[in-house]
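Dear colleague,

I am handing over the structure below, and I would be glad if you read it alongside the notes that follow.

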Amino acid sequence: MPEGCSAAGRRRSRSEEAPPGNARFVTDVATCAAQARAASPGRPVMVHGAGAAQALLRAGELDEMELHLVPVLLGRGRRLSDLLPDRVELELVRVLEGRQATHLRYRVVHHPT
């Protein structure tokens with residue numbers, strides 16, 4: 001994993017105790033992205049999970065995606081393409097083929113609005 005800040009999310013009820021360590025919980029995805037970038041100036045911010053990726057894509061805050069194709073069909077879980085805008089354009093940056101998986105890195109193409 002490259003140097004940087006890692007962000008992942010799950011819903012918490014207000015009654016749960018404060019997050020451990022330096023973790024912060026926010027409800028606005030743009031605020032979350034800004035805080036993560038500020039905590040990791042000039043370095044990549046890693047995001048894990050389809051829900052976080054979907055929210056960042058919808059907000060226009062995701063610059064690159066890395067997908068790992070593994071020859072197993074799970075049949076459940078959150079699909080990355082659910083709840084996205086009608087069209088998200090990607091530009092292939094890198095392909096790494098391994099024995100157990102193919103790793104694809106894409107740049108998200110942002111169009112001026």
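Which residues make up the largest nonpolar core? In this predicted model, the largest nonpolar core has seven residues, namely Ala33, Ala53, Leu56, Leu57, Leu62, Met65 and Val108, where a nonpolar core is a set of buried Ala, Val, Leu, Ile, Met, Phe, Trp, Tyr and Cys residues joined through side-chain atoms within 4.5 Å. Helix H2, residues 50–58, gives the most to this core, with three residues. Buried here means under 20% relative accessible area, exposed means over 50%, and partly exposed lies in between, with a 1.4 Å probe and protein chains only.

Some conventions apply throughout. The model is predicted, so that local features need pLDDT of at least 70 and side-chain atom pairs count only at pLDDT 80 or more, whereas totals for chains, interfaces and linings use all residues. Residues are numbered from 1 along each chain as its sequence is written, and side-chain values use heavy atoms, with hydrogens and water left out.

The secondary structure comes to two helices and five strands, which run β-α-β-α-β-β-β from the N terminus on; helices (H or I, at least four residues) and strands (E, at least two) are DSSP runs, numbered from the N terminus. In H2, the buried residues are Ala50, Ala53, Gln54, Leu56 and Leu57, and they pack against helix H1 (29–39), strand E2 (45–48), E3 and E5. After H2 comes glycine 60, whose phi is positive, near 75 degrees. Alanine 33, leaving aside its neighbours within four places in sequence, is in contact (heavy atoms within 4.5 Å) with Leu56 and Glu61.

The sheet is open and has three strands in the order E3-E5-E4, with antiparallel pairing; two strands pair if DSSP finds at least two bridges between them. Strand E3 (64–69) and strand E4 (90–97) stand at the edges, each with a single partner strand, so one side of each is left without a neighbour in the sheet. E3 and strand E5 (residues 102–108) pair in the antiparallel sense over six bridges, and histidine 68 stands opposite histidine 103 in E5.

Two residues deserve a separate note. Valine 88 lies in the loop between E3 and E4 and is partly exposed, with a relative accessible area of 30%. Although valine 88 and valine 108 are 20 residues apart in sequence, their C-alpha atoms are 7.4 Å apart in space, and, beyond four places in sequence, valine 88 is in contact with Leu57 and Val108. Glutamate 91, in strand E4, also counts as partly exposed, at 40% relative accessibility. Its contacts, leaving aside neighbours within four places in sequence, are with Arg105, Tyr106, Arg107 and Val109.

As to confidence, the protein averages a pLDDT of 80, and 80% of the residues score at least 70; pLDDT is the predictor's confidence in each residue, from 0 to 100. Where pLDDT is low, the predicted coordinates should not be read in detail.

With best regards
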